[in-house]
Amino acid sequence: MPLKTDLSRSLAAFEQDRTLVVVLEISLSTWLVAGLVPGVVRQPAKKLGADEHELLKLIYRWRAEASRAGREIDRICVAFEAGRDGFWLARWLAAKGMEAYVIHSASVAVSREHRRAKTDRLDTELLKRAFLGWLRGEPGHCGMAAIPTVEEEDARRPSREWEKLVGDRTRIINRMKAALVRFGIRGFKPALRKAAERLDGVRTAEGNPLPANTRAELRRDMARLRVVVDQIKEIEDDRVRELEATSELEPGPPAMVRLIARIVGIGVETADMLVREVLSRDLRDRQAIARYAGLTGSPDESGSRRREKGLARAGNARVRRGMIQLAWRFLQFQPESRLAKWYRERTADRRGSTRKTMIVALARKLLIDLWRLVTTGQVPEGVLLRQGA
């Protein structure tokens, strides 16, 4: 039975004479493939078109070369950096019986020279060195991204699309308000459902009707806004139907969403985003939860100098933004909870810098409490729950 692989280092024994190591530098149209072939002195590298079948043929050809050199290959390890292509290639290679890994780009140490040579071949050599160190079980060489299934990736799409559509709605409304303010109109609300019907009656500060081109532009923006609002409602309705279609006793993400949404101040959208993005992941402990959300600090220590540079921002930006917004909302809706009292004690001096620093700590503690809630059922102390499921 294969050992469970840690994302920071490999726990499986690495036999270099029986392992074919392959790294890829992936771009939109071409792939540069570099390998470490047992029994072959040269370290081959070949540029291919973006074709997974050609990649498979190349890997099998290198395996045959190793066999001719007297090395029987028991293990094929392929790695590439996380990027635009996502995880489909890793899943495809794993289905072919290979070990596929996706490297976090920011986890690979690079030269700090101001001007350094950077080519695809140099990048593959850098990836190869980092990947070999990871395979040997040495910590600190690089970090791997967890490869989600197609179903897990698809489950995140509604939440991410909803966030994008809400941003589109805000941009459209702000653009219409800016167009009206240029004519001294401040009281008109372009987001109302009947705003298009009332547009002809709007008058500028001079008492004149809106110019024809501006009026036509506003009508087009209102039409876009109606489409965006309808799409937002469609996503929200689909999510509610999905939750209603699953049993309350059935374990899984829907049950986690229901449990978190029972907390006063947390809606279904926030609960779904947190569950799909972080809480349903198999993370090791609370430190891993905080690191994944990017809510840990970044200390700067050198000699006698000690300072904190702020948030690491190395994790999921969507989770980080959502948790900081939720932390402010949590203070409003859960004033008698243990975390809210802790925050008020720490910010009793009422200094703005203290409140901003401690809200991040509150967001981190709240995320860990929500993780405990969905994993152990332990409700945070003093938190109010909605009645019913």
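A residue counts as buried when its relative accessible area is under 20%, as exposed when that area is over 50%, and as partly exposed in between, using a 1.4 Å probe and protein chains only. The model is predicted, so local features need pLDDT of at least 70 and side-chain atom pairs count only at pLDDT 80 or more, while totals for chains, interfaces and linings use all residues. Residues are numbered from 1 along each chain as its sequence is written, and side-chain values use heavy atoms, with hydrogens and water left out.

The chain holds 12 helices and 8 strands (DSSP runs numbered from the N terminus, helices being H or I of at least four residues and strands E of at least two). Its radius of gyration is 27 Å, well over the 21 Å that the globule rule gives for 389 residues, so the chain is more spread out than a compact globule. That radius is taken over C-alpha atoms, and the rule is 2.2 Å times the number of residues to the power 0.38. Along the principal axes, the C-alpha atoms fill a box of roughly 90 × 55 × 55 Å.

Of the 389 residues, 39% are buried. Among contacts (heavy atoms within 4.5 Å) with a separation of 6 or more, 59% join residues 24 or more positions apart.

One residue can be followed in detail. Arg239 lies in helix H6, which spans residues 212–245. Its relative accessibility is 5%, so Arg239 counts as buried. Leaving aside residues up to four places away in sequence, Arg239 touches Pro158, Ser159, Val268, Glu269 and Asp272.
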